[in-house]
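Hi everyone, thanks for coming.

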Amino acid sequence: MKIGLGLPIDDPALLLDWARRADAGPFSTLGLLDRLVFHNPEPLVTLAALAGATSRVRVQTEVLIAPVHNTALLAKQTATLDRLSGGRFTLGIGVGGREDDCLAVGIDPRRRGRRLDEQMRLLRRTWGGEPYGDGVGPIGPAPVTPGGPEVLFGGFAPAALERVGRFGDGFLGAALPPQYLNGLFRDVERIWEKYDRPGRPRLVAQISVALGPQATLDRARHNLLDYYEFSGRAAYMADGLLTTPERIREAIAALTGIGADEVVLYCWAPDPDQVDRLAEALF
């Protein structure tokens, strides 16, 4: 079982320390969320810095809100990051859930799903070295990974699951209990077969965790409440924070039992000593 770390967002200056510790330890992936109208660091810029500070661990957007990005520039940025990381980049991607992110860049929130579909067609074409469009030549550099970086779709709606079969390499289920995520995993597998895709989709789960003194746990809970305030489910999400090695191990076992290939432990407090605490508790 691969275990990744979701990076905290409230002190970007600490993330190089997080990355170096994770790279020296047993963790498989460093994930970073994306929002525009919020105080998080921009994920592609940040992951490029972290890729340069590491040599083994993968870097992953979790998930990038693609519709708020210019598609041609996104194709170039993601191919560049794939090359800079030596193929260690995974593009977790989705439509996002906040209108203000869309309004900030002048796109219609009601069209963000259709826009993502259009973007994926262009991204796949561009990563494959084809011209970007009529009168527009290819956009390089070519990614190290043939056909472009690994793409995982996040989301809960049927359209999000369909995109795994149409465009993706797998599915990322964020902060969902195993009994609910199990149904989504099985749906993704059926859709994969419907599109006659070879092999099987990669299935990734995410849980929220914090390990450490009370100040660390309090900071994590505060950050969860702040991040999910827009959703109306902030208290529910904060109540799902796992704060003991026993509960984290139980959750990982349950997610492994439903077929997760990787579990990403999203750490909501900036204390980098959590990397070492989690490694000691789980490995």
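Let me start with the lining of the largest pocket: by class it has 21 nonpolar, eight polar and seven charged residues. Here Ala, Val, Leu, Ile, Met, Phe, Trp, Tyr, Cys and Pro count as nonpolar, Asp, Glu, Lys and Arg as charged, and the others, Gly among them, as polar.

A word on the source: this is a predicted model, where local features need pLDDT of at least 70 and side-chain atom pairs pLDDT 80 or more, while totals for chains, interfaces and linings use all residues. Residues are numbered from 1 along each chain as its sequence is written, and side-chain values use heavy atoms, with hydrogens and water left out.

The largest pocket holds about 840 Å³ of space. Of its 36 lining residues, V63, G96, G97, G155 and F156 are the closest to the centre. By pocket I mean an open set of points on a 1 Å grid over the protein atoms alone, where a 1.4 Å probe fits, with protein on both sides within 12 Å along at least five of seven lines; lining residues have an atom within 4 Å of a point. Volume is the space filled by probe spheres set on the points, which are joined across faces, edges and corners.

Now the second largest pocket, with about 290 Å³ of space. Its lining has 14 residues, and A175, L176, P177, I207 and G240 lie nearest the centre. By class, ten are nonpolar, three polar and one charged.
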